[in-house]
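I opened the model to look up its charged side chains. My notes are below.

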Amino acid sequence: MNFNVDSKTLLNALSDIQGRGKYSGHAGLSNNELGEYCYMKLENNVLELWNGDTTLALNINIPVESEKDGDIVVAIKPIMAYLKMIDGDVSIEGEVLFQISHGSQMIRIPRIVEHPSIAAITRIKGMIEDIALFELEDKNMELPLFGDSVFEAAFNLDSSLFHKMISFCEQVKTGVYKLDFNDGTLIISSGQGNNSYTETHLIDEAKWVGAGATVEWSGPLHKFFKGEEVSFYVKDEFPLVLVSTDRKLIRAPHVG
């Protein structure tokens, strides 16, 4: 693979594809990240970045000036360390090594043989590649398939509002969040016993379709989207799929 891209555009994408945030564990909520490796695939002037495991997958697509398509797996942090010190466009080659060129500078970083969750990433990639930002056609429109099942509802929500809702929920410190959607009414909550937070938001009539759905999840999904509208595809106790213009996320439901 061979392409040109702005250094900070690639830096920001690599930072976000780490999936950093507060995750729930045996000791409660703690700062963590999804993983240290990124699968890159270059095709038709679009660089796809993927990271994931069997329960969470992240995808970011960025436009680049492509010279040769291909794919590669890299360790994220070593590349970020260099890109933080570079301003302007860089040329990337990814064959035996991951090579960054900028003026008289030449950086070579070893490639990773295989992403530890490449099987899950490949499977999920095929399942969500046709799921796009939601646009209402009519209230009887068909929602996309995921596997053998159809989503029960879809709606659009500004990512800044979603971020605020979950940031409040994080104060409860259970690390588990619940989404209830019914006829345009969205309820986001988190709680255990007398300790809880609930917020209700009415979705504009032109921004939702489908029946009601309820799903719980854990993980900092709200951190992945930045100042943009996000489409939520939901179904009872089913993987949650979030899509924006250049990003996709899938999270398995939380099982208590």
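These entries cover salt bridges, then a charged patch.

The model is predicted, so I kept local features at pLDDT of at least 70 and side-chain atom pairs at pLDDT 80 or more, while totals for chains, interfaces and linings use all residues. Numbering runs from 1 along each chain as its sequence is written, and side-chain values use heavy atoms, without hydrogens and water.

**Salt bridges.** I took a salt bridge as a Lys or Arg side-chain nitrogen within 4 Å of an Asp or Glu carboxyl oxygen. The structure holds 11.

I looked up Asp16 and Lys226: their closest N and O atoms are 2.9 Å apart. Asp16 sits in helix H1 and Lys226 in the loop between strands S19 and S20, 210 residues apart. Helices (H or I, at least four residues) and strands (E, at least two) are DSSP runs numbered from the N terminus. Asp16 is buried because its relative accessibility is 14%; Lys226, at 46%, is partly exposed. For these labels, buried is under 20% relative accessible area, exposed over 50%, partly exposed in between (1.4 Å probe, protein chains only). Arg247 joins Asp16 and Lys226 in a salt-bridge network.

Next I checked Glu33 with Lys77, a salt bridge at 2.8 Å, N to O. Helix H2 carries Lys77, and Glu33 lies in the loop between strands S3 and S4.

**Negative patch.** Glu65, Glu67, Asp89 and Glu93 form a negative surface patch. Strands S7 and S9 each give two or more residues to this patch. Patch residues have over 30% relative accessible area and no salt bridge, with like charges joined within 9 Å. Glu93 is partly exposed, at 36%.

Key
Patches are made of residues with over 30% relative accessible area and no salt bridge: like charges are joined within 9 Å, nonpolar side chains (Val, Leu, Ile, Met, Phe, Trp, Tyr) within 5 Å. Accessible areas come from the Shrake-Rupley method with a 1.4 Å probe; for residues, only the protein chains shown count as cover. Lys and Arg count as positive and Asp and Glu as negative; His and the chain ends are not counted. The place of a charge is taken as NZ of Lys, CZ of Arg, CG of Asp or CD of Glu.
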